[in-house]
Amino acid sequence: MTGRDAGENLNEELVYTLAILAPGIISSIFVFIPIENYLSAYIVPSTFVWYRLWRAALIALLLWIVSGFIYSEKRYSWKMFFLGSAITFMVFHYWFLWSINMVRPVRLYPLFYFVGDNSPYILDMGQVVGLITLYAFRGEILGSLKNRH
């Protein structure tokens, strides 16, 4: 490997790292922007802790959906952005559920969760996003498993 090849690999890895970290940075910024007031006809007081986490999870989910439409195997940096937004969404989503659990019990089950005693089934988007993202990275996962053997 020449010095030029090593530099190109380093630049490529830097781009991939930034693509993975960018959704977390973007979502964290939106923690401080009361987007629920733009989505609702009524002003929503941000008195609950979970509002901030909901904002970040919503933005991360939107980034995940958009990057899911855009990414391709040819533009691997978009696929890394897709991965980063999935990780960011799952972190904020489960942090959001944990904060709700401080007030009402949250019970997690495969693909669903319940809040409180008489809760309906609520689709756990954290698990759905995780499974779809794993499916999108099945080639990388299978390749790394084959390399281990």
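This is a predicted model: local features need pLDDT of at least 70, side-chain atom pairs count only at pLDDT 80 or more; totals for chains, interfaces and linings use all residues.
Is L111 buried, partly exposed or exposed? L111 is partly exposed, because its relative accessible area is 35% (buried means under 20%, exposed over 50% and partly exposed in between, with a 1.4 Å probe and protein chains only). This residue belongs to the loop between β1 (106–109) and β2.

Residues are numbered from 1 along each chain as its sequence is written, and side-chain values use heavy atoms, with hydrogens and water left out.

Six helices and three strands form the secondary structure of the protein (DSSP runs numbered from the N terminus, with H or I over at least four residues for helices and E over at least two for strands). Their order along the sequence is α-α-α-α-β-β-β-α-α. The radius of gyration of the protein is 18 Å, whereas a compact globule of 149 residues would have a value near 15 Å; the radius is taken over C-alpha atoms, and the globule rule is 2.2 Å times the number of residues to the power 0.38. Along the principal axes, the C-alpha atoms fill a box of roughly 60 × 35 × 25 Å.

Of the 149 residues, 32% are buried. Among contacts with a separation of 6 or more, 51% join residues 24 or more positions apart, contact being defined as heavy atoms within 4.5 Å.

The largest nonpolar core contains 25 residues, and W64, F89, F92 and V129 have the most contacts inside it. Such a core is a set of buried Ala, Val, Leu, Ile, Met, Phe, Trp, Tyr and Cys residues joined through side-chain atoms within 4.5 Å. Two or more residues of this core come from each of α3 (50–70), α4 (76–101) and α5 (125–136). The most are given by α4, with nine residues. Apart from residues up to four places away in sequence, F89 touches A57, A60, L61, M125, G126 and V129.

Helix α1 (residues 3–29) includes I25, which is exposed, with a relative accessible area of 54%. The C-alpha atoms of I25 and F89 are separated by 12 Å, the two residues being 64 residues apart along the chain. I33 is placed in the loop between α1 and α2 (36–39) and counts as partly exposed because its relative accessibility is 31%. Beyond its neighbours within four places in sequence, I33 is in contact with Y38 and R55. I33 and A86, 53 residues apart in sequence, are 21 Å apart in space, C-alpha to C-alpha.

Y121 lies in the loop between β2 (112–115) and β3 (122–123). Its relative accessibility is 62%, and Y121 therefore counts as exposed. Not counting residues up to four places away in sequence, Y121 touches F112, Y113 and F114. Between the C-alpha atoms of Y121 and Y109, 12 residues apart along the chain, the separation is 9.8 Å.
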